[in-house]
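Please look over the sequence and the model below.

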Amino acid sequence: MEEKEIFSNNLNYLMEISNVSRRELSSAIGVSYFTVTSWCNGSKYPRMDKVEILARFFGCSKSDLIEYKSTEQREVEALDKELTQLLTSLSFSEKRRVFDFIAGIKSSRK
């Protein structure tokens, strides 16, 4: 798979899960709508400074934009991120109950 196509797939995926339109993205990062469209279509590849701006905008790493990710990898990373956010929002006693619950499941499987 070509770099432009990988970038295009990743950008479109991040826009979809973030519910961000091309117009909203172009306005937010200060590039033209046509530039974002060319990235989304895979006809152009952004300079690294724009990749960095996009990564900051989406709250991801640059590699999330420029490296190939299978659908399974994306799903695992999304679940991991959600779980991390959930766990950081819990109090210590709530975290303890979650870990005790998981330990109970693991011990019942043996």
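## Core and contacts

Leaving aside neighbours within four places in sequence, Leu25 is in contact with Leu11, Met15, Val20, Val36, Leu54, Phe57 and Phe58. Contact here means heavy atoms within 4.5 Å. This is a predicted model: local features need pLDDT of at least 70, side-chain atom pairs count only at pLDDT 80 or more, and totals for chains, interfaces and linings use all residues. Residues are numbered from 1 along each chain as its sequence is written, and side-chain values use heavy atoms, with hydrogens and water left out.

Leu25 is also among the residues with the most contacts inside the largest nonpolar core, along with Phe7, Leu11, Trp39, Leu54, Phe58 and Leu65. That core has 17 residues. Helix 1, helix 2, helix 3 and helix 4 each supply at least two residues of this core. A nonpolar core is a set of buried Ala, Val, Leu, Ile, Met, Phe, Trp, Tyr and Cys residues joined through side-chain atoms within 4.5 Å. Buried means under 20% relative accessible area, exposed over 50%, and partly exposed in between (1.4 Å probe, protein chains only). In soluble globular proteins, nonpolar side chains tend to be buried together.

## Helix 1

Helices are DSSP runs of H or I with at least four residues, numbered from the N terminus. Helix 1 covers residues 3–18, which is 16 residues. The expected span is 1.5 Å times one less than the number of residues. For helix 1 that gives 22 Å, and its end C-alpha atoms are 22 Å apart, which agrees. Just after helix 1, Asn19 takes a positive phi of about 55°.

Buried positions in helix 1 are Ile6, Phe7, Ser8, Asn10, Leu11, Leu14 and Met15. Their cover includes helix 2 (22–29), helix 3 (33–41), helix 4 (48–58), helix 5 (63–66) and helix 6 (71–89).

Ser8 lies in helix 1. Beyond four places in sequence, Ser8 is in contact with Trp39, Cys40, Asn41 and Gly42. Lys4 is in helix 1 too. Lys4 touches Gly42, Ser43, Lys44 and Tyr45, again not counting residues up to four places away in sequence. Between Lys4 and Tyr33 there are 29 residues in sequence and 18 Å in space, C-alpha to C-alpha.

Relative accessible areas for some of the residues discussed:

| Residue | Relative accessible area | Class |
|---|---|---|
| Ser8 | 6% | buried |
| Lys4 | 30% | partly exposed |
| Tyr33 | 28% | partly exposed |
| Phe34 | 67% | exposed |
| Cys40 | 5% | buried |

## Rings and charges

How many aromatic pairs does a search of the whole structure find? The search finds four. Rings of Phe, Tyr and Trp (its six-membered ring) pair if their centres lie within 6.5 Å; planes under 30 degrees apart count as stacked, over 60 as edge-to-face and the rest as tilted. The rings of Tyr33 and Phe34 have centres 5.7 Å apart and planes at 80°, so this pair is edge-to-face. Phe7, Trp39 and Tyr45 form one aromatic cluster.

A charge sits over a ring if NZ of Lys or CZ of Arg is within 6 Å of the ring centre and within 35 degrees of the ring normal. The charged end of Arg23 sits over the ring of Tyr33, 4.2 Å from its centre. Arg74 lies over the face of Tyr13, 4.4 Å from the ring centre.

## Cysteines

A disulfide is a pair of cysteine sulfur atoms within 2.5 Å. By this rule the count is zero.
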